Amino acid sequence: MLDQFVVPIDSPIKSISELKGKTVASGPGIQNLTLAKMILEKNGVTDARVIEMPIGQHVPSLAAGQLDAVYTLEPTGTAGRLRGLTRVLENGVISKYILGNADAPWFGGSASVTSTFLKDQPELAKKYIAAYARSVDFVRKNPAQVRQHLDGFTSIDPSLVKEVPLSGFTLYNEFTEADIGYFQKFFDVFTERKIFSRRVPVKPLIYTA
């Protein structure tokens, strides 16, 4: 699970519901802020002070006593744990509180091509998608070999390379009907919160690379 609530190592807080009246940070952007507030609300917390903060500042701010908790993403939890500064309060919070099922898949990011690109350059699009699929297959089959490239090619500290969880991948032709349903439910959250001006339908891509 890459999404989590994290607190200082010596915090007496044992659950998200205990964050009433506390100062909580989220990652920057309306999506992170909205999700943090919704997760707190699902736990009966409506009076927390929720602020946006770059994820790289989450652990230092918790350790300095400037925050009571953060809604964040890995490797924040691992980084704080290995340094003895923070502990994970709860993992997998999007699936549990936003999607309503702790076992539901949450697709937190994507690699996408536009419909214009698919239409105008179909052969190049096929090559790109095929290359991406081979890369995903390599990551799945060789996780230990892949980890070495986290050092230098990402912002992950070298000391964390062997500890942080690797992201999972779901290719365009691997989505199930249930996956698409949960994807739609996630998008609908932002319509309900008036962030999207209209409902965005999630449609499976029927494409043969």
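Lys-96 counts as partly exposed, because its relative accessibility is 41%, where buried means under 20% relative accessible area, exposed over 50% and partly exposed in between (1.4 Å probe, protein chains only). This is a predicted model, in which local features need pLDDT of at least 70 and side-chain atom pairs count only at pLDDT 80 or more, while totals for chains, interfaces and linings use all residues. Residues are numbered from 1 along each chain as its sequence is written, and side-chain values use heavy atoms, with hydrogens and water left out.

The partner of Lys-96 is Glu-90: the two form a salt bridge, with the closest N and O atoms 3.1 Å apart. A salt bridge here is a side-chain nitrogen of Lys or Arg within 4 Å of a carboxyl oxygen of Asp or Glu. Glu-90 belongs to strand E5 (residues 86-91); helices (H or I, at least four residues) and strands (E, at least two) are DSSP runs, numbered from the N terminus. Glu-90 is buried because its relative accessible area is 18%.

By the salt-bridge rule, the count comes to 6. One of these joins the side chains of Arg-193 and Glu-41 (2.6 Å, N to O). This pair links distant parts of the chain, 152 residues apart: Arg-193 lies in the segment after helix H9 (177-192), and Glu-41 in helix H1 (residues 30-42). Arg-193 is partly exposed at 35% relative accessibility, as is Glu-41 at 38%.

Glu-174 also forms a salt bridge, with Arg-140, the closest N and O atoms being 2.8 Å apart.
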